[in-house]
Amino acid sequence: MSTSIGTDVNTMKWLIKREFWEHKGGFFWAPVVVAIVMAVFLAVAIAGTAYVGSQGVVTYNVESIDGGVAQPKTVKVLTPEKIKEVGEQLSVQIAHAYMGISAPLLAVFYLAVVFFCLGALYDERKNRSILFWKSLPISDAATVVSKVVTAIVLAPVLTFCVATILALVVVVVACTTSMLMGFNMFSEVLGAASFYFAPLQIAALLPVYVLWALPSVGLLLMIGALAPSKPFLWAVGTPLVTGVFLAMTNSIFQFGWNLSWYWRDIVGRGFLSVMPGSWFAMNPLDSHFSPTANVVDMAPLFSQSWQQLATANLWIGVVVGSAMIYAAIRVRRWKDEG
Amino acid sequence: MNADWHDNTPIYRQLKARVVEMMLDGLLKPGDALPSVRQIAADFQLNPITVSRAYQELADEQLVEKKRGLGMYMTDGASEKLLDSERTRFLNEEWPAVLERLDRLGLNASDLLLAAETGVKNG
Amino acid sequence: MVDTNLTDFIIDAKNLTKRYGKSVAVDNISFQIPAGRIVGLIGPNGSGKTTTLKAMLGLVPFEGELKVLGLDPRTQRDELMKQVSFIADVAVLPRWIRVREAIDFVAGVHPKFDRAKAERYIQNTKLKPAMKVKEMSKGMIVQLHLALVMAIDAKLLVLDEPTLGLDILYRKQFYQNLLEDYFDENKTIIVTTHQVEEIEHILSDLMFIREGKITLSASMDEIAERFIEVMVSADNLAAALALKPIDERQVFGKSVMLFDTATSNSSADAVKALGEARAPGIADLFVATMRGTYA
């Protein structure tokens, strides 16, 4: 049986284009709309906070009592010195960690990718459009691979671009606000090397992400390829039911199993690996390192991620994921539809 | 376009008959092009092989000829041939039947001529 | 013009069998289809005709031997699909796709797609480049699908109920377009349909299939010579019955009998002497040979 991915680069380009046409909503409009909403919200919040702060705080001056009533006195909290101090601190944090502003987009991304993978080999069976795709000279291997590439290369790159633009917009708003308040954050931020490296370092995590996410992509594609209906229910139900079954067996027969490996390495790895950064939580290498605490410096984020390639966990995942993708190709080739 | 194809004669023969009819009625003149096999097949919803066969038989009878790269054309001699075969058919099949009938009815040549003249005046 | 490197037959099946668990959908059938034919595969629902088509297109595994354009659909499907096209059903185009996207995609992935031809065809329809399939009527979807298929220079075209549920205008146009702009002596078309009358004169060959077996496989010429329908006059009834007709029905109080000169112990002349004779329509032939399936 021919499973050569040998259909050329041109076909792959068209297949990926087709995935984008079909899923523009999840992969493009969703992150863009969320980013716009976030940008507006953050801009208002930043400007608002700055404005309120600049108005000063009303305190009661016990030193000037006039007729038994303490006189109100407006104390400016944000003195020029304070502004400079805050500004300098913020500049450093922003320069290093501004990309973190876009973190909520990861939630959007996760949902988009999960539903895409579940539907990728299911929707075409349900609406029978698979009979159209199969009437063209495109191998099942090329088709499935194009969906994998769309899920863990095209989609994250798109979200990354939107995230970067969003983060830059917010930085500009913050710096402009601070300039209006008297402190030029622009020069501090733009002068920091980490400002320029941050997005590059995140982008450079893509290969790690691709390898780490493979078992998840494979599992979700498989569920979509095999489910007779409602793949989402199968996706949620199967691990739950299996887990409950294992727990019950464990307690009835007093096996004394430690089932955390099941939840972490099977269910977790299977369903959460498409979340960028999930390797920090699932396969922590340095107990002193926590990605959310150490936002001042991106460098550990980068090196900790690439060090995943030295772990067995990652490569076992690659092998299992690849096997499931291959199985999905076989299922698509031979499953008898209507 | 739709056509009623009878079931007692093969289609290609019916098609031939139609083309001959058109020639006899003067709708097709010598040198005129016949519609392409493809066109007839599409318009009448027939298999092109059926149409080809009809055209081939017409060509064999020298009523049409194939001009390379151009298609089928009515031959110059076609009207002659058709008139000839119509005449032969009339003389060999229809005329003897008419004669028999005249005999039965007891009509002769002068009765016929008289009827013809009256008919011309009235008709 | 004909490629002499191909095997003689476009489709060559020997002992083709397909089982689904215990039931046999296609039961040890054999047939050959040469190039340049328009073959009608007629059978009731569940007869195995769709399964046979699926086997030809490599969509299901099977037992036995089947070669399409000299290739095995099980192991050489990717190569096969470069030269075979099919319309599996009226409504399989993806609903989200736009006319121009469909054309761009097929143009991009199919080596034998003639883009200009597809666009010419679409210009004569009400289809617009930005239209999505979900906005189209069934007839328009078929027009789009046909535009794509006709622009592909495939050696074999398989049509499985291509006009199902369409109104008559679209149905007539469908076959007219195929004959006018697509079909030639190097192409072969296999079509299954319930609307037998509509393709009656387009077919060059006929295959009846019933309960997984082929009950009739012949060219239209052979059928015209072999099967004779006679309106039998009352005094010939006994003689007619002695010749063992394969079917009998009453039309305006007269007996119309269908004879198979190949199987009954009769000659064409003997049959024609019984009364007014003519070639049967495919529909009548089908009903006659299928009696018993519907009983």
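**Sheets, rings and chain contacts**

Four strands of chain C make an open sheet in the order 11-12-10-13, with antiparallel pairing. This is a predicted model, where local features need pLDDT of at least 70, side-chain atom pairs count only at pLDDT 80 or more, and totals for chains, interfaces and linings use all residues. Residues are numbered from 1 along each chain as its sequence is written, chains are lettered from A and ligands numbered from 1 in the order in which they are written, and side-chain values use heavy atoms, with hydrogens and water left out.

Reader: What is the bridge partner of I228(C) in strand 12 of chain C?
Author: Strand 10 (residues 227–232) and strand 12 (residues 254–260) of chain C run antiparallel and are joined by six bridges. Look across from I228(C) into strand 12 of chain C and you land on F259(C).

Reader: At about what angle does helix 11 of chain C run to strand 12 of chain C?
Author: Axes are lines fitted to C-alpha atoms, for helices over the stretch in contact, and angles go from 0 to 180 degrees between N-to-C directions. Helix 11 of chain C lies across strands 10, 11 and 12 of chain C. Its angle to strand 12 of chain C is about 80 degrees.

Reader: In what order do the strands of the six-strand sheet of chain C come?
Author: This sheet is open too, and its pairing is mixed. Strand 5 (84–87) and strand 9 (213–219) of chain C are at the edges, each with a single partner strand. Reading across, the order is 5-6-7-3-8-9.

Reader: Which residue of strand 7 of chain C stands opposite V39(C)?
Author: Strand 3 (residues 38–42) and strand 7 (residues 188–192) of chain C pair in the parallel sense over three bridges. Opposite V39(C) stands I190(C).

Reader: Helix 6 of chain C packs on this sheet, so what angle does its direction make with that of strand 6 of chain C?
Author: Helix 6 (residues 168–181) of chain C touches strands 3, 5, 6 (156–160) and 7 of chain C, with contact meaning heavy atoms within 4.5 Å. The angle with strand 6 of chain C is about 175 degrees.

Reader: Why does the W133(A) and W96(C) pair join two chains?
Author: Rings of Phe, Tyr and Trp (its six-membered ring) pair if their centres lie within 6.5 Å; planes under 30 degrees apart count as stacked, over 60 as edge-to-face and the rest as tilted. This pair is stacked, at 6.5 Å centre to centre and 20 degrees between the planes. W133(A) sits in helix 6 (residues 130–133) of chain A and W96(C) in the loop between strand 5 and helix 3 (99–109) of chain C, so the chains joined are A and C.

Reader: Are W133(A) and W96(C) buried or exposed?
Author: Buried means under 20% relative accessible area, exposed over 50%, and partly exposed in between (1.4 Å probe, protein chains only). W133(A) and W96(C) are both buried.

Reader: The side chain of T150(A) reaches the backbone oxygen of which residue?
Author: T150(A) lies in helix 7 (residues 140–180) of chain A and is buried, with a relative accessible area of 0%. A polar contact is a pair of N or O atoms within 3.5 Å; within protein, one must be able to donate a hydrogen and the other to accept it, and residues adjacent in sequence count only if both atoms are side-chain atoms. At 2.7 Å, the side chain of T150(A) reaches the backbone oxygen of S146(A).

Reader: How far apart are the closest C-alpha atoms of chain A and chain B?
Author: Two pairs of chains touch, and the most contacts are between chains A and C. No contact joins chain A and chain B. Their closest C-alpha atoms lie apart by 25 Å.

Methods: Pairing = 2+ DSSP bridges.
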